[in-house]
Amino acid sequence: MIICPNCQKQEVSGAIFCSQCGAALTETPTLTTHKINTAETRAKFKGDTTPFRPAPPAALDSWVSLHIIDSGQIIPLADRVEFTLGRITEGQPVMPDVDLTPFNAYANGVSRLHAVLKRTDDHAIIIDLGSSNGTYVNGTRLVPQTENTLNHGDMVYLGKLKFQVLFGQGVQSPVQNR
């Protein structure tokens, strides 16, 4: 068990964030950051305040793709309207549809069954399945077991594992429908 340094709530071993207050727990592995040239980036985008919304991936025949930010890999999802996201561990009786283990899921705080991504009519939703380290969309923590609409280009965090949602043909963002 891990004790949250902020609110003193007990969490299970391996948790990265406190489920009550969201504070980072001290037993997490040290993650390194990469230095980027911020002056060059600021100069390139100076004055541009519009949010980045990439074009749908025309080459992919999937209704949704997950662009894993750390690796740059794109995972196309097709043939079904609902996918569970999580990681696989030895002896686990229930497997997620999308295994994020190759993307350092355990160290990033991804639960075995972390979230559900599904298509409803012409849009997509994500549901946190009561994960230990939470699901975030564009920085906002989702309430577990609640449907949340996704837009093309949204940044989703499962714990600390982040990916961008890219819609293919037939799925529209609610923002685009207004």
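This dialogue reads a few features of a predicted model of one protein chain.

Q: What should I know about the model before reading values from it?
A: The model is predicted: local features need pLDDT of at least 70, side-chain atom pairs count only at pLDDT 80 or more, and totals for chains, interfaces and linings use all residues. Residues are numbered from 1 along each chain as its sequence is written, and side-chain values use heavy atoms, with hydrogens and water left out.

Q: How many helices and strands does the protein chain have?
A: Helices (H or I, at least four residues) and strands (E, at least two) are DSSP runs, numbered from the N terminus. Here the protein chain has 2 helices and 13 strands. One of the strands is E4, residues 74–77, which holds Pro76. The C-alpha atom of Pro76 is separated by 4.2 Å from that of Ser65, and the two residues are 11 apart along the chain.

Q: What share of the residues is buried?
A: Buried means under 20% relative accessible area, exposed means over 50%, and partly exposed is in between (1.4 Å probe, protein chains only). Of the 178 residues in the protein chain, 39% are buried. Pro76 counts as partly exposed because its relative accessibility is 44%. For area, the Shrake-Rupley method is used with a 1.4 Å probe, and for residues only the protein chains shown count as cover. The protein chain exposes about 10,500 Å², with 52% of it supplied by carbon and sulfur atoms.

Q: How many salt bridges are there, and which side chains meet in them?
A: Side chains of opposite charge can pair when their charged atoms come close. The rule asks for a side-chain nitrogen of Lys or Arg within 4 Å of a carboxyl oxygen of Asp or Glu. By this rule there are 3 salt bridges. In one of them, Glu11 meets Lys9 at 3.6 Å, N to O. Glu11 is buried, at 6% relative accessible area, whereas Lys9 is partly exposed, at 29%.

Q: Which parts of the chain does the pair Asp97 and Arg80 link?
A: Asp97 and Arg80 form a salt bridge at 2.9 Å, N to O. The pair links distant parts of the chain, 17 residues apart: Asp97 is in the loop between strands E5 (82–86) and E6 (98–99), and Arg80 is in the loop between E4 and E5. Asp97 is partly exposed, at 37%, and Arg80 is partly exposed too, at 41%.

Q: Where do the nonpolar residues gather, and which of them touch the most other members of the largest core?
A: In soluble globular proteins, nonpolar side chains tend to be buried together. A nonpolar core is a set of buried Ala, Val, Leu, Ile, Met, Phe, Trp, Tyr and Cys residues joined through side-chain atoms within 4.5 Å. The largest core has 26 residues, and Leu100 and Leu117 touch the most other members. Strand E13 (161–167) is among those that supply at least two residues each; E13 gives the most, with 4 residues. Contact means heavy atoms within 4.5 Å. Beyond its neighbours within four places in sequence, Leu117 is in contact with residues including Trp63, Phe83 and Leu150.

Q: How many disulfides does the structure have?
A: A disulfide is a covalent bond between the sulfur atoms of two cysteines. The search looks for a pair of cysteine sulfur atoms within 2.5 Å, and finds 0 disulfides in the whole structure. Cys4 is buried, at 0% relative accessibility, while Cys7 is partly exposed, at 30%.
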